[in-house]
Amino acid sequence: MDTTGKLYTRLDAVFWFSQCGLALPAGLPFDCEPVPDWSEATVLSGGKYWDWVTMEARNVLTTYLDRFFRDEYQKWNGIAEEAKELLAGGPWAKVEAYAKEHELEHFISSCVRWDTLNAVMEAAYERFNPPIFFLKLLEVYESGHFPCGWEGKFPKGRLLVL
Amino acid sequence: MIPQNEGVATKLVGDAFFDPGTPHYIAHDTMEGFWDTYRRASGGRPEGMLFGKVPTNSQCNRALYNSLQEAGWTPADALRAVRHAKAQQLEYGLRGWHEVPNLPNPINQQGGQPRW
């Protein structure tokens with residue numbers, strides 16, 4: 001199984017948000033600061049700064065690919081389209097169901113979609129040794145928590161996690 | 001990639017951030033609408049239809065052409081400006097079919113009509 005295939009298997013196995021509000025496990029790939037509840041996580045994840053950070057992290061990836069592997073980068077949209085179809089039928093449907101059941105704001109599931117799609121993109125371009133952010137974020141999701149904000153001047157600082 | 005401080009620019013009346021109704025504000029507002037289709041949702045914005053993807057240089061140039069006309073320019077003047085931008089892109093080896101290297105962050109305009 002290739003890197004992307006393995007990643008879909010990992011994504012299918014995630015118990016989304018199952019540990020939110022509980023203690024954060026050791027060994028997460030960021031310096032993390034816990035967030036106490038969904039109320040605060042909602043404000044943070046819907047805010048401009050987290051929007052900026054997650055866009056910036058994606059731009060670091062695409063700028064790297066465009067600069068050093070422009071021909072390969074031209075495949076981005078095709079890879080993204082295929083990934084969106086695969087994710088929609090599995091992990092994203094589970095996240096959407098959870099969000100609906102717990103009456104979460106619409107942008108929460110969009111945050112997850114953005115993060116996981118970009119994790120797939122990082123995996124798809126893994127052989128070009130791209131900068132990694134979203135694959136690390138995926139480890140936070142796999143631990144059952146929700147990465148929802150950033151404290152400090154990115155990329156320095158700490159990840160805020162529910 | 002074209003360095004930010006070397007990109008082709010044009011003068012437009014008004015403040016792009018705080019002057020709703022002015023050409024400068026309208027041009028940026030229109031471009032923001034274009035970029036929003038590629039962005040995720042946030043507290044004040046729905047998820048774009050093309051979220052996760054990136055536009056090509058040609059698609060961006062078309063959006064620029066439209067935004068300048070929305071701001072009150074004639075099609076001929078808008079086309080002239082876009083041609084300048086296109087010429088610079090070609091100088092830097094950026095072809096129309098190339099996907100753009102990054103998406104701009106929202107500029108957070110104040111006032112005006114909501115786009116959604």
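User: Contact means heavy atoms within 4.5 Å. Leaving aside neighbours within four places in sequence, with which residues is A:Trp50 in contact?

Analyst: This is a predicted model: local features need pLDDT of at least 70, side-chain atom pairs count only at pLDDT 80 or more, and totals for chains, interfaces and linings use all residues. Residues are numbered from 1 along each chain as its sequence is written, chains are lettered from A and ligands numbered from 1 in the order written, and side-chain values use heavy atoms, without hydrogens and water. A:Trp50 sits in helix α3 (residues 48-68) of chain A; helices (H or I, at least four residues) and strands (E, at least two) are DSSP runs, numbered from the N terminus. Its contacts are A:Leu44, A:Ser45, A:Phe133, A:Leu137, A:Pro147, A:Cys148, A:Gly149, A:Trp150, A:Leu159 and B:Arg40.

User: Is A:Trp50 buried or exposed?

Analyst: Under 20% relative accessible area means buried, over 50% exposed, and in between partly exposed (1.4 Å probe, protein chains only). A:Trp50 has a relative accessible area of 2%, so this residue is buried.

User: What is the C-alpha to C-alpha separation of A:Trp50 and A:Leu160?

Analyst: Along the sequence, A:Trp50 and A:Leu160 are 110 residues apart. In space, C-alpha to C-alpha, the separation is 9.7 Å.

User: How do α1(A) and α7(A) run relative to each other?

Analyst: Helix α1 (residues 3-12) and helix α7 (residues 106-124) of chain A pack at about 155°, axes 8 Å apart. Axes are lines fitted to C-alpha atoms, for helices over the stretch in contact, with angles from 0 to 180 degrees between N-to-C directions. The cut-offs are under 35 degrees for roughly parallel, over 145 for roughly antiparallel, 65 to 115 for roughly perpendicular, and oblique for the rest. Therefore α1(A) and α7(A) are roughly antiparallel.

User: How do the residues of the contact of α1(A) with α7(A) divide into nonpolar, polar and charged?

Analyst: The α1(A) side brings A:Thr3, A:Thr4, A:Leu7, A:Tyr8 and A:Leu11, against A:Thr116, A:Ala119, A:Val120, A:Ala123 and A:Ala124 of α7(A). Ala, Val, Leu, Ile, Met, Phe, Trp, Tyr, Cys and Pro count as nonpolar, Asp, Glu, Lys and Arg as charged, and the others, Gly among them, as polar. The division is 7 nonpolar, 3 polar and no charged.

User: In which handedness of crossing does α2(B) pass α3(B)?

Analyst: Helix α2 (residues 57-70) and helix α3 (residues 75-91) of chain B pack at about 150°, axes 9 Å apart. That makes the pair roughly antiparallel. A crossing is left-handed if the near helix is turned anticlockwise from the far one by less than a right angle, and right-handed if clockwise. The crossing of α2(B) with α3(B) is right-handed.

User: Which peptide bond is cis, with omega near 10°?

Analyst: Most residues other than glycine have a negative phi, and most peptide bonds are trans. A:Pro155 lies in the loop between β2 (147-151) and β3 (158-161) of chain A. The cis bond runs from A:Phe154 to A:Pro155.

User: What is the phi of A:Asn129?

Analyst: A:Asn129 is in the loop between α7 and α8 (134-142) of chain A. Its relative accessible area is 62%, so A:Asn129 is exposed. Though not a glycine, A:Asn129 has a positive phi of about 55°.

User: Leaving aside neighbours within four places in sequence, with which residues is B:Asn105 in contact?

Analyst: B:Asn105 belongs to the segment after α3 of chain B. With a relative accessible area of 17%, B:Asn105 is buried. Its contacts are A:Asp51, A:Trp52, A:Met55, A:Glu56, B:Glu32 and B:Arg39.
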